Amino acid sequence: MIKSESLHQTSIVVMIDGRFIHGGLTDRLKGICTIYHYCKSRNIPFYIYHVYPFRLETFLKPKEYDWHIDDDEIDMNYYHSSVVLLNDWQFHPFFHKAYLDRIISKNQGKQIHLYTNSPYYEKSYGEDYNLLFKCSDSLQEKIDTSMRLMGNKPYVAMVFRFQQLLGDFEERGYPKLDESGKSNLIKRCERKVLELRSDNFANRPVLITSDSATFMQYMQKYDFVFTLPGSVVHMDYTDNALEDVYMKSFVDMYMISEAEKIYLLVTGDMYPSGFPKYAARLNNKP
C-alpha cells in the first residue's frame, strides 16, 4: 500500500466533518475520487478526513493508497493550513482543475482542507474508487448476506429517488405531495417497473432501492421484487443514527453495482439522482 507522504509539505485533505454542507454519499465519494485523481497525477499527498456523521473507515478501508489521517494530524493553524470550497454548484466543473492548480500554487507548504463534490474526473471514477477503497469486514458481511437474499443469481436494479414527495424521507426545502398525489406517483412508478420487466427481462429478479420506505414496501407485493432491509437517511440531516442506518447506503451502492443492468426511474418532481450512475461505474455496468 502506498503511504501518503509527509504532512509538512503541500497536501490536500478532503474534509467531511459537518462544518459545511457535504451532500449525500455520491456527492462525497465523487469529490473524494476527483481530488485523489488530481493529487495522483501531480504527486501531491492526499488524505480523507471523513468523520461526519460517521468515520468512513467504519465502512471503507484504504486499499492501494493509504489516505487515512488521524485527528491530531489535522492542522488548524491559520499559517499552516488553508480552507477551500470547490463544488459543482459554485462554478462549472470545467474550471475545477485550473482552480485547484491556482490553489496549490498559492498555498505551497500548507495543508489544504478541501470541501468538495467535484465531478471533474468522472470518467475515471470507478478506477479511482477501486484503488482507494475496500469494504470493511462488517460491510462485506452485509453485502454477502444481501447477495444470498437475491439467490446469488443475476438480477436487474431499479433506483427511485423521491426526496420528500412521499413524506417519509427528510430532505429540507423539497415539496411533499398530498395523499392523492402520492398514490398517483406510486402507481405510475409501479406501472413502469412492470412495463420494463415485461419488455426486457421477464425472468430476472428486480432489486429496488429507494429513499422511500413507503414505495419499497408497496412494491414488495410482487414476488420478483427484492428490497434490502433498513432505512435510508440523508447524511447531512441525520447525525445521530445507528451504524446500520448509514451502512444501508453503502450496501445499496454495492448491490446496485453488481446488477446486470441499472435503471434510474424519474418522473414528475422526482430527483434525477447520480447515485445509480456512480454505482454503475464501480463495475462498468450499463
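**Contacts and packing**

A: Leaving aside residues up to four places away in sequence, T10 touches I44, P45, I104, N107, Q108, G109, K110 and I112, where contact means heavy atoms within 4.5 Å. The model is predicted, with local features needing pLDDT of at least 70 and side-chain atom pairs counting only at pLDDT 80 or more, whereas totals for chains, interfaces and linings use all residues. Residues are numbered from 1 along each chain as its sequence is written, and side-chain values use heavy atoms, with hydrogens and water left out.

T10 itself is found in the loop between strand 1 (2-3) and strand 2 (11-16); helices (H or I, at least four residues) and strands (E, at least two) are DSSP runs, numbered from the N terminus. With a relative accessible area of 11%, T10 is buried, given that buried means under 20% relative accessible area, exposed over 50% and partly exposed in between, with a 1.4 Å probe and protein chains only. Along the chain, T10 and L185 are 175 residues apart, and their C-alpha atoms are separated by 51 Å.

Two of the residues that T10 touches, I104 and K110, lead onward. K110 lies over the face of Y78, at 5.8 Å from the ring centre; a charge sits over a ring if NZ of Lys or CZ of Arg is within 6 Å of the ring centre and within 35 degrees of the ring normal. Elsewhere, the charged end of R197 sits over the ring of F224, at 3.9 Å from its centre.

I104 belongs to the contact between helix 1 and helix 2. Helix 1 (residues 25-42) and helix 2 (residues 96-106) pack at an angle of about 60°, with their axes 12 Å apart. Helix 1 is therefore oblique to helix 2. The axes are lines fitted to C-alpha atoms, for helices over the stretch in contact, and the angles run from 0 to 180 degrees between N-to-C directions; angles under 35 degrees count as roughly parallel, over 145 as roughly antiparallel, 65 to 115 as roughly perpendicular and the rest as oblique. Helix 1 passes helix 2 in a right-handed crossing, and the contact involves I35, Y38 and R42 on the side of helix 1 and K97, L100, D101 and I104 on that of helix 2. A crossing is right-handed if the near helix is turned clockwise from the far one by less than a right angle, and left-handed if anticlockwise.

The loop between helix 1 and strand 3 holds N43, which has a positive phi of about 55° although it is not a glycine, and which counts as exposed at 66% relative accessibility. Further on, P53 lies in the loop between strand 3 (46-50) and strand 4 (60-62), and a cis peptide bond with omega of about -5° joins Y52 and P53.

D244 is placed in helix 7 (residues 243-257) and, at 46% relative accessibility, counts as partly exposed. Helix 4 and helix 7 pack at an angle of about 60°, with their axes 10 Å apart. Helix 4 is thus oblique to helix 7, and their crossing is right-handed. The residues of helix 4 that meet helix 7 include S138, L139 and K142, while those of helix 7 include D244, M247 and Y254.

Y254 also forms one aromatic cluster with W67, Y125, Y129, F133 and Y278. The structure holds 23 aromatic pairs, in which rings of Phe, Tyr and Trp (its six-membered ring) have centres within 6.5 Å, planes under 30 degrees apart counting as stacked, over 60 as edge-to-face and the rest as tilted.

Helix 7 has a further partner, since helix 7 and helix 8 (residues 275-282) pack at an angle of about 60° with their axes 7 Å apart, and are therefore oblique to each other. Helix 7 passes helix 8 in a right-handed crossing. On helix 7 the contact is made by S249, D252, M253, I256 and S257, and on helix 8 by F275, P276, A279 and L282.
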